[in-house]
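Me: Please take a close look at a single part of the model shown below. I would like its geometry and its surroundings in one connected account.

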Amino acid sequence: MSVDDQTLSKWYINESLKDPLMLQSHALIKKRICIMGACGQMGSHIVTKLYELGLPSSSLMLNDCLSLGSASNLPRILRESVNSQSHKQFVETTEHTPDILLFLGGRSSASHFSSVQDVIEEIVSWGSILEWCSSHNIRLV
């Protein structure tokens, strides 16, 4: 590591420790958090921030079908823990129930749909997620 890299690294650590979210994040440390869309633009930033704030990787359930996102967007240590099933498959097969679900994985614009069938599949997927959250008392964000 060069002197500039060391300086930047120390600065980043110091700034992270002063982050106003640091204290609030400790309330989440004992929570199991599922992030659907974990590898996309918004999801990867949220996953990275949660990890930087000290949430253990074992508390993070990461799901992304990788059609729009990439595991390389995540911190290296978390890349292997991404479940790449569809959201519907994930909720039907996961053995663990999160306390909180951050849903960032839906197709969000017309360009992501090529047919009416794509829209119907997305609605069915959302329905499965809502039913899962409701039946397991999962807080959905």
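What follows is a reply about helix α5, residues 116-136, with other parts brought in for context. Which residues of α5 are buried, and what do they pack against?

Reply: This is a predicted model, in which local features need pLDDT of at least 70 and side-chain atom pairs count only at pLDDT 80 or more, while totals for chains, interfaces and linings use all residues. Residues are numbered from 1 along each chain as its sequence is written, and side-chain values use heavy atoms, leaving out hydrogens and water.

The setting comes first. The C-alpha trace spans about 55 × 35 × 25 Å along its principal axes. Of the 141 residues, 32% count as buried, where buried means under 20% relative accessible area, exposed means over 50%, and partly exposed lies in between (1.4 Å probe, protein chains only). The chain exposes about 8900 Å², with carbon and sulfur atoms supplying 56% of that area; accessible areas come from the Shrake-Rupley method with a 1.4 Å probe, and for residues only the protein chains shown count as cover. Among contacts with a separation of 6 or more, 71% join residues 24 or more positions apart, a contact being heavy atoms within 4.5 Å.

Helix α5 has 21 residues, and its end C-alpha atoms are 30 Å apart, in agreement with the 30 Å that it should span at 1.5 Å a residue. The expected span is 1.5 Å times one less than the number of residues.

The buried residues of α5 are D118, E122, S125, S128, I129, W132 and C133. Seen down the helix axis, they fall within an arc of 130°, so they line one face of α5; the arc is that of the directions from the helix axis to the C-beta atoms. This buried set packs against β1 (33-36), α4 (87-93), β4 (100-103) and β5 (139-140). On the other side of α5, the exposed residues are V116, I123, E131, S134 and S135.

E122 counts as buried because its relative accessibility is 8%. Leaving aside residues up to four places away in sequence, E122 touches G106, R107 and F113. V116, also in α5, is exposed, with a relative accessible area of 61%. From V116 to L140 the separation is 24 residues in sequence and 26 Å in space, C-alpha to C-alpha.

After α5 comes N137, which has a positive phi near 55°. N137 lies in the loop between α5 and β5, and its relative accessible area of 71% makes it exposed. Another positive phi in a residue other than glycine is that of L66, near 65°. L66 sits in the loop between β2 (60-63) and β3 (82-83); at 36% relative accessibility, L66 counts as partly exposed.

K88 is partly exposed, with a relative accessible area of 29%.

In α3 the buried residues are G43, S44, V47 and L50. Seen down the axis of α3, these fall within an arc of 130°, so they line one face of that helix. The cover over them includes β1, β2 and β4, while the face turned away carries the exposed residues Q41, M42 and H45. Just after α3, G54 takes a positive phi of about 105°.

How values were computed: Helices (H or I, at least four residues) and strands (E, at least two) are DSSP runs, numbered from the N terminus.
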